[in-house]
Amino acid sequence: MNLIIFFKQSLLASALISTLLLSGCGGDSSTPPALQKSSDKATSSSVSSSIKTSSSAVSLSSVGVTSSAASSLASSNAKSVFNKVSIPANSLLDNIVAEPTQRDIWVYLPKQYFTSNAPLPVVYYLPGYGDTYMLDVEIPQDFDSSLQTLKPMIIVVVSGVNLYWGSFFADSPVIGNWGDFVAKDVVDYVDSNYRTIPHRSSRGLSGHSMGGFGALNLAMRRAEVFGSVFALAPGLVNSTGIADTQMFDSDTHIREMVAATERLAAMQPAAALAEMASSHFVFDFAYGMAFAPLLNPPYYEYPYTLNNNVLVRNDSVMAKWESGFGNVHNEIQEFSQNLSSLSGIGIDCGTEDYFKWIVRGCSHFDAELTAAGIPHTYTTHGAGHQDQIRARILTVMLPFFAQHLATE
């Protein structure tokens, strides 16, 4: 949600627009988003396992774990910290694509964590496609500033970047159970190693783009874990469905994907996976492996084939692709009780988002929640997919959670 996070008629245009998609969800067009971070932002390489603080470094062993050592630090060094931690991802075990099962998360602890023994609520943030961090936000400085007037909270950034730049935080036998990774592995680790309030009412889930979709998708399915949710420019489509996205709005692109799918199906597993990771169709491949997984090459089912040069759609396979960004009406109906149990639901979207289907999708989601009588807030701003993300996180998202997270 990293997100956040497609193609036209010629091969060159397809590659260029694919790059644009990736940059929109967490990078720029010059380098793969899984590697790219803005030059004036903290990077995954600079955020090492040593602690970053608002003014000075503190040893890793002194923070995080519920211990007297952490508590004694309070009076002498009341500074926020931000650190990268490697944790086991048991939910990703036995995935087919050899996805690493040791993952990094980033943890922000406000200075109040060290000035009191009181447990704190936690906000989990899921970045967009290709984004391993929190795009454009200066951490810990920006959080320190915003939380001066808000209740203190722990903030945990959970990247969904995999070998194909995006997991969509979905459970899949091909890429692993990324939804379980967030809701079980990460939450259990944070509750076991930090002084949290281990209750759904004190856990908020958020994200951008792919991560915004992931946040909404997980919140409605894991309401026993998360008590509130806020999504920035989430990957959602309107009643037109997944056909409204660039993955299916061009016959030329669909035909190229049919050809790519047939070619991959004839390859050996290792060769197929290597080609998929470097292809300009990588977003489609990643999406297919998440929502329409297949245990052999090409590792996804594709909803179209060619018969006498005519495109033929398989509706049962298309339904699997719709189960990601689409199927909004049915999912809200199915999970209405879970959604109604949340203390807060927030959606935020830029009206000038260059992924116009996201604008239409967010408006549709708002209308469906309203029709179902599910309380929520829907805010918009006049910018694009990511150019106001820092401001929206600091001035809209964090105040939302300050209002909706329980502190005891």
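Predicted model: local features only at pLDDT ≥ 70, side-chain atom pairs only at ≥ 80, totals over all residues.
Where is Ser 91 found?

1. Ser 91 belongs to the loop between β2 and β3. Its relative accessible area is 13%, below the 20% limit, so Ser 91 is buried. Leaving aside residues up to four places away in sequence, Ser 91 is in contact with Gly 176, Asn 177, Asp 180, Phe 181 and Asp 185.

2. Strand β2 (residues 81–88) is largely enclosed by the rest of the structure, because six of its eight residues are buried.

3. Helix α9 (residues 282–291) is likewise largely enclosed by the rest of the structure, since ten of its ten residues are buried. Among them are Val 282, Phe 283, Tyr 287 and Phe 291.

4. Most peptide bonds are trans, and most residues other than glycine have a negative phi. Two cis bonds may be noted here. One joins Ile 139 and Pro 140, with omega about 15°; Pro 140 lies in the loop between β4 (122–126) and α4 (141–146). Another runs from Pro 297 to Pro 298, with omega near 10°, and Pro 298 lies in the loop between α9 and β10 (304–307).

5. Phe 168, not a glycine, has a positive phi of about 60°. This residue is in the loop between β5 (154–158) and β6 (171–172), and Phe 168 is buried, at 0% relative accessibility.

6. Asn 309 also has a positive phi, near 65°. Asn 309 lies in the loop between β10 and β11 (310–313) and is exposed, at 56% relative accessibility.

Methods. Residues numbered from 1 in each chain as written. Heavy atoms only, no water. Buried < 20%, exposed > 50% of the residue type's maximum accessible area, 1.4 Å probe, protein only. Helix = DSSP H or I, 4+ residues; strand = E, 2+ residues; numbered from the N terminus. Contact = heavy atoms within 4.5 Å.
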